[in-house]
Structure formats: structure tokens, C-alpha cells
Amino acid sequence: MKPAPFEYHRPSSLAETFDLLERYGDDGRILAGGQSLVPALNMRLATPRAVIDINRVPDLDAIRATADGLVIGALVRQGALERSPLVREHAPLIAAAVPHVGHPAIRARGTVGGSLALADPAAELPACAVALGATIRAGRRGGHREIAADDFFRGIYTTALAPGEIVTEILMPRQAAGWRWGFEELARRHGDFALAGLAAGARIAAGVVAEVRLVFFGVGTRPVRARRAEAALAGRRADAETLAAAARALDGELDPAGDVHGSPALRRHLARVLLARVVGRLVEARA
Ligand SMILES: Cc1cc2nc3c(=O)[nH]c(=O)nc-3n(C[C@H](O)[C@H](O)[C@H](O)COP(=O)(O)OP(=O)(O)OC[C@H]3O[C@@H](n4cnc5c(N)ncnc54)[C@H](O)[C@@H]3O)c2cc1C
């Protein structure tokens, strides 16, 4: 199919972008990497009056290490994230996750801001952002506001962005000493969206799980922080009994939907498998 006709705008500044968003309201759509928007246009799932291509807006494509952590511009391509030594050093969870996002050709164009703004519940980067306690900067005419990743993802393809706002940057806070990070997902084929995935971090002290963060994706309407499973692990050795208790707690807090790719029961099972694997690796890893 071909897209319905639309006006195409390529602003060269944020100010011009905000003017266009104001002019078109709900009828204007931001174009970043186009990896989701273009298929949606072609299938006429999206029929905006105007497409606002932000690829020429300057200063949105840098990765910088600051005193507070790693700042990633919204237009940073997922492929650039994958190759970045700064990301490997300061956000190893992201470095582990990003090769699972689609395929190299998709990562060559797909952007970090697009992935967060799209808020696909099976996407890797939103789950990592929640696990890392990231902050999303939303720019708008005359200013910006900071939104905690935990508050940003509201539901399937739904975020806290208000009309007239766009994602401009993501701040991954500097990680406290002693934390280890683990990532794994289960998909039918490498590069497919996950049936279930887990972005996790833990601080292990003398073989005990002192603190842990577990964020599942593909098993809810948004990234799911599994707080009851975290509580079942905290302060304990991750032995078989503790892992079984954490798996039971997890079962009680996940409510995955079924679809053609997997039933709710399958997704719950996969989440339990991921919990045991990832936590097991975090505990065994050398500090
Ligand atoms: C075959 C295929 C497989 C894929 N597999 C995966 C996968 O396994 N995991 C995964 O996470 N993703 C996957 N993707 C999606 C892809 O990786 C992109 O992350 C995703 O399409 C969004 O990024 P984008 O830059 O392409 O955004 P676009 O397609 O340009 O935009 C997507 C949406 O976000 C909005 N938007 C974009 N940027 C901003 C911004 N800065 N501020 C506000 N709104 C914005 C747009 O208006 C649009 O609604 C896949 C895509 C394809 C085609």
C-alpha cells in the first residue's frame, strides 16, 4: 500500500518543530528513524495531515558522559548506541540490550527517542530506561520538563508526553558502585520483538542479593517492575528455594495478554525462566 497524502516538513530547529506541532496539533506526527512510523503510514494505520521530520534538528544526536550520568540525545541511532564505548562503560545494560532491537538495518535508522516515544510494551529500551532509573527530557515551546522513566510509559503505545512535547534527551544516572546488570529476552527468532524479556540489576554483597531491580517487558502493557519478586530476593542468597519463592511472587504480579505469538501461560513461564537465568548469572558474576 501507499501512504495517504501528507504534508512534509523538515524543521531545522526545535523552535520551528514546536511551531509546527502547535500548527497541526493531533494531525502532525514527528518522524525520527521512521522504522515504525513509515510502515504505519504505508499501511494507513496512521494518516496524519503533516509529517514533521526532526532529522535536521541540531544537537539531538550526541552521547555525552556528565557528572550526573550518561546523556543520550533523542536522535541517537540504536546502531550508534551499540557501538558507543561510553555506553559500554556507563550503561552496560543498554549495551547488552540494544543488539536485540530488530536487525542491523533497523538499528541503523531507528532512534532512542523514537523507541521511547513509541512505547511498544515488548521493546527493549523502555525496560532498560525503567531499570536504570532514567529520566526523559520532554522539550516544548519555551522550556522542558523531566519525566522519570517509571512515570513515562503509561500503556500500550502511550506515554506521558503532552501535546506539543517531544523527547529531546534521556539521562541514564550514574550507577552506584557494586551494581551488576543483566539482560535477556526470549523471542521466536533473533530480532523479533520479545515474547518476554528481563532487564535487571543487582548489588550482591558476600553472596547475598542486597538490592535488586527487575523490569520485565513483553508481558504487560508497559515495562513491569516486579517489586514483589524483588522483595522475595532482597537480603537472601539466590538459592533454589529463594528463586522458587521469587518465581511465585512474580506469578502473582504479572498479567500478560495472549496473542498469536504466545498465550498468557507461555509468557508467564518464559518470565520465570528469565528470572532464574538472569538472577543466577548476576549472583555468579565476578564483582
Ligand atoms: C522489522 C522491525 C523489527 C523491529 N524490532 C524491534 C525490536 O525487536 N525491538 C524494538 O524495540 N523495536 C523494534 N523495532 C522498532 C524500531 O527499532 C524503532 O525503535 C522504532 O521504530 C521507533 O524508532 P524510530 O526512530 O524509527 O521512530 P519513528 O518510526 O520515526 O517514530 C515512531 C513513533 O514515535 C514518535 N516519535 C519519534 N521520535 C520522537 C521524539 N523524539 N519525540 C516524540 N515522539 C517521537 C513518532 O511520531 C511515531 O509516533 C522494529 C522495527 C521493524 C520495522
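## F217 and its strand

F217 is buried, with a relative accessible area of 0%, where buried means under 20% relative accessible area, exposed means over 50%, and partly exposed covers the range in between, as computed with a 1.4 Å probe on the protein chains only. The place of F217 is in strand β13; strands (E, at least two residues) and helices (H or I, at least four residues) are DSSP runs that are numbered from the N terminus.

This is a predicted model, in which local features need pLDDT of at least 70 and side-chain atom pairs count only at pLDDT 80 or more, while totals for chains, interfaces and linings use all residues. Residues are numbered from 1 along each chain as its sequence is written, and side-chain values use heavy atoms, with hydrogens and water left out.

Leaving aside residues up to four places away in sequence, F217 touches P121, A122, A123, E124, A127, F183, E185, A194, A196, G197, L198 and A199, and such a contact means heavy atoms within 4.5 Å. F217 and I204 are 13 residues apart in sequence, and their C-alpha atoms are 23 Å apart in space.

## The loop between β12 and β13

A206 lies in the loop between β12 (196-205) and β13 (208-217), and the place of G207 is in the loop between these two strands as well. A206 is exposed, with a relative accessible area of 69%, whereas G207 counts as partly exposed at 28% relative accessibility.

Although A206 is not a glycine, its phi is positive, at about 50 degrees. G207 and Q175 are 32 residues apart in sequence, and the distance from C-alpha to C-alpha is 20 Å.

## K2 and R44

K2 lies in the segment before β1 (7-9) and counts as exposed, at 65% relative accessibility. Not counting residues up to four places away in sequence, K2 touches L41, N42 and R44.

R44 is partly exposed, with a relative accessible area of 42%, and has a positive phi of about 60 degrees although R44 is not a glycine.

## Nonpolar cores

A nonpolar core is a set of buried Ala, Val, Leu, Ile, Met, Phe, Trp, Tyr and Cys residues joined through side-chain atoms within 4.5 Å. The largest such core has 41 residues, and those with the most contacts inside this core are L81, I94 and L116. Helix α8 (residues 124-131) gives the largest share of this core, six residues. A second, separate core has 30 residues, including L195, F216, A232 and A246. In soluble globular proteins, nonpolar side chains tend to be buried together.

L116 touches L125, P126, A129, I136, F152, F153, T159 and I170, again not counting residues up to four places away in sequence. T159, in turn, lies in strand β9 (residues 158-159) and is buried, with a relative accessible area of 16%. Besides L116, the residues that T159 touches under the same exclusion include A117, A119, F152 and R154. The side chain of T159 also reaches the backbone nitrogen of L161 at 3.1 Å; a polar contact is a pair of N or O atoms within 3.5 Å, and within protein one atom must be able to donate a hydrogen and the other to accept it, while residues adjacent in sequence count only if both atoms are side-chain atoms.

## Around the ligand

The ligand is surrounded by 31 residues, of which the closest are I30, S36, Q78, T111 and E124; a residue counts as near the ligand if one of its heavy atoms lies within 4 Å. A backbone N or O atom of I30 lies 2.6 Å from an oxygen atom of the ligand, and a polar side-chain atom of S36 lies 2.4 Å from an oxygen atom of the ligand. For V167, a backbone N or O atom lies 2.9 Å from a nitrogen atom of the ligand. Taken alone, the ligand exposes 960 Å², and the protein buries 87% of that, with accessible areas coming from the Shrake-Rupley method with a 1.4 Å probe and, for residues, only the protein chains shown counting as cover.

The elements that give two or more residues to this shell are β2 (28-31), α7 (112-118) and β10 (166-173), and the largest share, five residues, comes from α7. By class, the shell has 15 nonpolar, 13 polar and three charged residues, where Ala, Val, Leu, Ile, Met, Phe, Trp, Tyr, Cys and Pro count as nonpolar, Asp, Glu, Lys and Arg as charged, and the others, Gly among them, as polar.
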